[in-house]
Amino acid sequence: MAASAGPALSREEVDRALARLGAERDAVESALLSLQDHPGLRLLDGAGLTGRTQERWSVVGQGLPLLWALFDRYSEALASARAVRARKARPGGPELAELSELLTGDAVTVPGGAPDGPQRLGAPARLVERVSLDELMERMNSWYATVLEVVSAADAVWTALPARIDLLIAELRRVQTLAASLGVRSGTHPLGDDLEALDADLEGLRTEVRADPLALWRPARVPAQRGAVPDGGASGLPSGVVDTERFDRAGRALDGVRQELENLLRLRDDAEERLQGVGDLLQRADATLAEARRARGEVLAKIAATEVPAVPGPASALRERIVLALDLRQNGQWYRLAPLLDALEDAAAKELARARQSLTEVTQPLAVRAELRGRLDAYKAMAARLRVSEDPVVVERYEKARWLLWSAPCDLRAAAGAVARFQQALRPAPGEPGAGAAEPGGSGYGGAGSSTDGYGGSGYGGAVQDGIERNGIGRGGAAAGGEPTDGQAVDGRVQGG
């Protein structure tokens, strides 16, 4: 027996209830028609579903036929109430009591179970129930919200991902073609393995999107079991987001592989020029080493009592690696050539620097001798300005220094001492007019603390001494590094060496 509707409604209350229920009935009909035409619903009905989507749709898919059945019961009950109201313009007590029962009482017989009641989706339900029109509307709203949420979520995934996945797979095919042209294949290079893994991942993602879209849907809340029919029908936006993490990760990985392949492509275009650059560096290094060997012979011939470092030979191992690089380039193995070419460029630059350093070290004694010769000429010019160039001591010391510097082989330690003594001869005696004039800043050309052997002080002697000591110059020289002693014969060494 139906539950009592309570106190009878007035005529005005009946009219207002009929208008409200009629408007709700029209809204439900519009929503159901829109839901029936929803693209997500058509896709779900025709797709071979798996996983979470199959489980959910096996239950929720029953909702649309049930909604139409409930809607028909609702429409029939509302039509019955309208028929009773139409009997009289001013219904009396019996009519108002009947209308109250139809409009507010449990007067509608429907299939048992509701998605928001004790019997949830998939649970056993009573065969029939008697409910009021308001309860029936609430039940339709609950079923509608449940169906719409699943349909909209599946449609959101199908709208967001398949086309993007297809575009990414097309880009993957282009990158695979580029990789093949560069000799990058699965099993032979890590990039080839990465591309194969990306291919399998994207194909699996595309299959999953088509068959189980809800696996890639992240609801903003627990799936709704209650709800109201939205304005505008079934076009309400789903509450959640599409999970694109796997797609985005695959896109980033493909971008990384493509960038590395483009680097290999640039290498293919620039390999010949870069190998030529490596060859040029080695040629310059060889020419520098040849110059160092020639200079070493000259130093040994012109500089006495000095240790001249040996000149290293050419980098034969580096040339063997260049031959390997040429072979890789010829066979198009660009992924192997890339690190080798980088290493070759670095090694060739270091080889040239090594050759230049060797030349500098070998020619250091000649640089020291040139420095001493230049200072001797400068002191000679100063002697002329000081008008002491005719002084016998000055002349003697100049000739002795010049003889040592222009002899071959030249004893640099003895020559440095002779130049220093010539400098000392240019300073006026203390107390004489002009004392200190030969010493700029009060310290003379030899600098403060200059000694008679020319090795101390802050003038040229310190710099020359550094060069002499670095090359071991002076060991075993004439008179233990001094000038020839009285009576020591000049052995006919070539002047002007």
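Me: Quick one before I look at the helices: when is a crossing left-handed, and when right-handed?
Reply: A crossing is left-handed if the near helix is turned anticlockwise from the far one by less than a right angle, and right-handed if clockwise. Here, α10 passes α11 in a left-handed crossing.

Me: Which residues make that contact?
Reply: With contact meaning heavy atoms within 4.5 Å, α10 contributes residues including Leu 318, Ile 322 and Ala 325, and among those from α11 are Trp 334, Leu 340 and Glu 351.

Me: And at what angle do α10 and α11 pack?
Reply: Helix α10 (residues 316–331) and helix α11 (residues 334–362) pack at about 150 degrees, their axes 10 Å apart. That makes α10 roughly antiparallel to α11, a label for angles over 145 degrees. Axes are lines fitted to C-alpha atoms over the stretch in contact, and angles run from 0 to 180 degrees between N-to-C directions.

Me: Is this an experimental or a predicted model?
Reply: Predicted: local features need pLDDT of at least 70, side-chain atom pairs count only at pLDDT 80 or more, and totals for chains, interfaces and linings use all residues. Residues are numbered from 1 along each chain as its sequence is written, and side-chain values use heavy atoms, leaving out hydrogens and water.

Me: New topic! Is Ser 407 buried or exposed?
Reply: Ser 407 counts as buried, at 1% relative accessibility; buried means under 20% relative accessible area (1.4 Å probe, protein chains only). A polar atom of the Ser 407 side chain lies 2.3 Å from the backbone oxygen of Trp 403.

Me: How much of the chain is buried?
Reply: Buried residues make up 42% of the 497 residues in the protein chain.

Conventions
Helices (H or I, at least four residues) and strands (E, at least two) are DSSP runs, numbered from the N terminus. Angles under 35 degrees count as roughly parallel, over 145 as roughly antiparallel, 65 to 115 as roughly perpendicular and the rest as oblique. Buried means under 20% relative accessible area, exposed over 50%, partly exposed in between (1.4 Å probe, protein chains only). A polar contact is a pair of N or O atoms within 3.5 Å; within protein, one must be able to donate a hydrogen and the other to accept it, and residues adjacent in sequence count only if both atoms are side-chain atoms.
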